[in-house]
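Here's a quick briefing for anyone opening this structure for the first time. Take a look, then read on for the main points.

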Amino acid sequence: MYRLIDGKEVSNYIKSKVREEITALGEKGIKSTLAVIIVGDDPASRVYVNNKKRACEATGIVSREYALPEETSEAELLALINELNDDKEVNGILCQLPLPRHIDEKKVIDAISPEKDVDVFSEINVGKMWVGDYDVASCTPKGVIELLDYYGIPLEGKNCVIIGRSNIVGKPMASLLLEKNATVTICHSRTDDLSFFTRNADVIVAAVGRKRFVTADMVKEGAVVVDVGINRDDNGKLCGDVDFENVKDKCSYITPVPGGCGPMTIAVLMKNTLAVTKKQNNV
Ligand code: NAP
């Protein structure tokens with residue numbers, strides 16, 4: 001019998017802990033502020049930004065939204081980021097991706113001061129994660145670790161297989177699993193015989209971006225399956241990268257979509273905003 005990993009419960013727990021610390025900082029006269037930049041009117045980005053604002057409200061973090069029109073130039077966006085880098089009232093900065101095509105995302109990521117980079121996209125912060133000396137960790141992968149920790153799922157010595165090697169999920173996921181003393185394999189679109197790896201995995205983290213890609217025959221009996229994917233099925237309904245209905249009965253633990261990894265990403269974002277605020281105030 002599988003156990004469902006409840007991302008809503010764990011994210012609420014993390015946010016309540018963040019709220020306690022934000023309240024304690026407030027008593028010392030320290031405020032935590034997150035600046036959220038959104039360019040254009042992509043509906044999915046708007047949903048994510050609204051969810052982040054709601055999480056700020058729930059944790060007591062002040063959110064400042066900068067909604068810029070689609071035609072904003074790269075120079076204008078970079079100028080705003082510079083201004084926010086210098087603004088002592090702003091502790092964390094994030095720029096919602098994707099950006100309109102005429103703006104170079106890498107330039108924008110590089111422009112955000114690493115001290116305020118709560119998404120942990122900057123080269124410095126990614127490097128710090130890899131050497132195990134960091135205050136903030138990539139939101140989605142750290143969210144996965146928080147889920148596994150909350151349920152007491154052991155990782156040490158376990159065979160963990162990640163499907164996907166993106167900079168925001170797959171690669172930092174590997175770093176955090178290694179830190180937990182797991183044995184880590186990263187698979188991708190050029191992997192030969194993917195099932196060979198997944199069938200031998202104690203833990204599978206699917207971050208592919210393809211609906212119901214992980215099927216029951218790819219999963220070992222008793223495996224832990226974490227589904228990072230967010231896709232829409234043919235009826236427009238949200239679904240993950242895992243064929244949940246057919247895979248679940250083989251698992252010891254499995255995350256649903258929605259309600260698994262999704263809420264965790266934002267909870268870790270709140271945790272990161274708290275962490276940078278503490279660091280900037282020498283707390
Ligand atoms: P991405 O940048 O598109 O990366 C997808 C990865 O999957 C790539 O490394 C790709 O391999 C690999 N892949 C594609 N087809 C494959 C195949 N047939 N066999 C094996 N590997 C394959 O996506 P991402 O940004 O990492 O996101 C992955 C999923 O997670 C998406 O559904 C996204 O919406 C979701 N997501 C969720 C959250 C959250 O908060 N829960 C956060 C971020 C992302 P190559 O490198 O060889 O192309």
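**Where two helices meet**

In helix 1, Lys 15, Val 18, Arg 19 and Ile 22 touch Ala 55, Glu 57, Ala 58 and Thr 59 of helix 2. Sorted by class, that contact brings together 4 nonpolar, 1 polar and 3 charged residues. Keep in mind that this is a predicted model.

**How the two helices are set**

- Helix 1 covers residues 7-27 and helix 2 covers residues 43-59.
- They pack at an angle of about 55°, and their axes are 8 Å apart.

**The overall layout**

- The chain splits into domain 1, residues 29-114, and domain 2, residues 139-262.
- Between the C-alpha centres of domain 1 and domain 2 there are 29 Å.

**Salt bridges: the count and a network**

- The structure has 17 salt bridges.
- Arg 46, Lys 53 and Glu 65 are tied together in a network of salt bridges.

- Lys 17 and Glu 20 join their side chains in a salt bridge, at 3.9 Å from N to O.
- Both residues sit in helix 1, 3 residues apart, which is about one turn of the helix.
- Lys 17 counts as partly exposed because its relative accessibility is 37%.

**A salt bridge between distant parts of the chain**

- Glu 89 pairs with Lys 31 in a salt bridge, with 3.8 Å between the closest N and O atoms.
- This pair connects distant parts of the chain, as Glu 89 and Lys 31 are 58 residues apart.
- Glu 89 is in the loop between helix 3 (74-86) and strand 4 (92-95), while Lys 31 is in the loop between helix 1 and strand 2 (33-39).
- Glu 89 is partly exposed because its relative accessibility comes to 46%, and Lys 31 is partly exposed too, at 47%.

- The side chains of Glu 245 and Lys 248 form a salt bridge, 3.1 Å from N to O.
- Glu 245 has a relative accessible area of 52%, so this residue is exposed.
- Lys 248, on the other hand, is buried because its relative accessible area is 13%.

Technical notes. Residues are numbered from 1 along each chain as its sequence is written. This is a predicted model: local features need pLDDT of at least 70, side-chain atom pairs count only at pLDDT 80 or more; totals for chains, interfaces and linings use all residues. Side-chain values use heavy atoms; hydrogens and water are left out. Axes are lines fitted to C-alpha atoms, for helices over the stretch in contact, and angles run from 0 to 180 degrees between N-to-C directions. Helices (H or I, at least four residues) and strands (E, at least two) are DSSP runs, numbered from the N terminus. Contact means heavy atoms within 4.5 Å. Ala, Val, Leu, Ile, Met, Phe, Trp, Tyr, Cys and Pro count as nonpolar, Asp, Glu, Lys and Arg as charged, and the others, Gly among them, as polar. Domain bounds come from an automatic or database domain assignment. A salt bridge is a side-chain nitrogen of Lys or Arg within 4 Å of a carboxyl oxygen of Asp or Glu. Buried means under 20% relative accessible area, exposed over 50%, partly exposed in between (1.4 Å probe, protein chains only).
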